[in-house]
Amino acid sequence: MDTWDYLAKQLIWKQLGDITEKKILDFGSGKGYTADYFASRNEVIAIEPSSELVTERMKKNEYSQILGDEKYLSRLDSNYFDLVLCHNVLEYIDKREQVLNEFFRILAPGGHLSIVKHNREGRVMQMAVLLNNFEEANNLLEGKKSYAKKYGQINYFNDTDINQWCKNFKLKAKYGLRTFWDLQQNQEIQATENWQKNMLQLEQKGL
């Protein structure tokens, strides 16, 4: 796991809190780091459309891995999961309204949905300050789309959009990621255990 993934996931897991004996769906599970982490003390089902990522997935703990996409959601039981994780996935889905309403259907009463999403303003900062890509920064400020090398077009959305797509969801808490660490451009120091430890402690002070 690279430094960005490690720091981001450590922060997200901390924000989600101590979760035990729950039924969890990790939708768009990637290489399975989050699914594997929660599988140590929970029942976890992971859905991922990339066969390559599924092949490379983390398997330290036991969880159910499904090769599929949003179409598979209709096959899941209603009122079943205590927690649905959808981290950096909705930006790349066309039928987001349909997906969110499926999430609500499969969640048990009192269940929670965790969404991690891209931040347009943060992307502008990254392009202008860190990557000197002024063309991309200007395009974003003008409301144009952005792209991720691996996944294609990034369709940004706001918290209010989520409630428009599925009015049943209510925002309970909101957190931020990458407040400080992207400003550090020394790639060598980022790979050291001591730097990662100190950076995590600094980031977590805002929790």
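Two strands count as paired if DSSP finds at least two bridges between them. On that basis, this predicted model contains an open sheet of five strands in the order 3-2-1-4-5, with parallel pairing.

**Sheet: order and edges**

- The edges of the sheet are formed by strand 3 (64-67) and strand 5 (107-116); each has a single partner strand, so one side of each is left without a neighbour in the sheet.
- On average, and with direction ignored, neighbouring strands of this sheet are turned by 15° against each other.
- Helix 4 (residues 96-106) packs on the sheet, where it touches strand 1, strand 4 and strand 5. The direction of helix 4 makes about 140° with that of strand 5.

**Sheet: strand pairs**

- Strand 1 (residues 23-27) runs parallel to strand 4 (residues 81-87), and three bridges join the two.
- Within strand 4, L83 is the residue that stands opposite I24.
- Strand 1 also pairs with strand 2 in the parallel sense, over five bridges.
- D26 has A46 of strand 2 as its bridge partner.
- Strand 2 (residues 43-48) is largely enclosed by the rest of the structure, because five of its six residues are buried.

**Helix 1 and helix 9**

- Two packed helices are described by the angle between their axes and the distance between the axes.
- For helix 1 (residues 3-16) and helix 9 (residues 193-204), the axes come within 11 Å and cross at roughly 40°.
- The crossing of helix 1 and helix 9 is right-handed.
- Helix 1 contributes T3, Y6, L7, Q10, L11 and K14 to the contact, and helix 9 contributes W195, Q196, M199, L200, E203 and Q204.
- By class, the residues in the contact of helix 1 with helix 9 are six nonpolar, four polar and two charged.

**Helix 5 and helix 6**

- The axes of helix 5 (residues 120-130) and helix 6 (residues 134-141) come within 8 Å, crossing at roughly 160°.
- Angles over 145 degrees count as roughly antiparallel, so helix 5 is roughly antiparallel to helix 6.
- The crossing of helix 5 and helix 6 is left-handed.
- From helix 5, R120, R123, V124, M127 and A128 meet F134, E136, A137, L140 and L141 of helix 6.
- The contact of helix 5 with helix 6 has seven nonpolar and three charged residues, and no polar ones.

**Loop residue L73**

- L73 is placed in the loop between strand 3 and strand 4.
- L73 counts as buried because its relative accessibility is 0%.
- Apart from neighbours within four places in sequence, L73 is in contact with L25, F27, I47, V99, E102, F103, R105 and I106.
- A separation of 24 Å lies between the C-alpha atoms of L73 and S40, which are 33 residues apart along the chain.

**Loop residue Y175**

- Y175 lies in the loop between helix 7 (159-165) and helix 8 (187-190).
- With a relative accessible area of 48%, Y175 is partly exposed; exposed would require over 50%.
- Y175 and I12 are 163 residues apart along the chain, and their C-alpha atoms are separated by 8.8 Å.

Methods: Residues are numbered from 1 along each chain as its sequence is written. This is a predicted model: local features need pLDDT of at least 70, side-chain atom pairs count only at pLDDT 80 or more; totals for chains, interfaces and linings use all residues. Side-chain values use heavy atoms; hydrogens and water are left out. Helices (H or I, at least four residues) and strands (E, at least two) are DSSP runs, numbered from the N terminus. Axes are lines fitted to C-alpha atoms, for helices over the stretch in contact, and angles run from 0 to 180 degrees between N-to-C directions. Contact means heavy atoms within 4.5 Å. A crossing is left-handed if the near helix is turned anticlockwise from the far one by less than a right angle, and right-handed if clockwise. Ala, Val, Leu, Ile, Met, Phe, Trp, Tyr, Cys and Pro count as nonpolar, Asp, Glu, Lys and Arg as charged, and the others, Gly among them, as polar. Buried means under 20% relative accessible area, exposed over 50%, partly exposed in between (1.4 Å probe, protein chains only). Angles under 35 degrees count as roughly parallel, over 145 as roughly antiparallel, 65 to 115 as roughly perpendicular and the rest as oblique.
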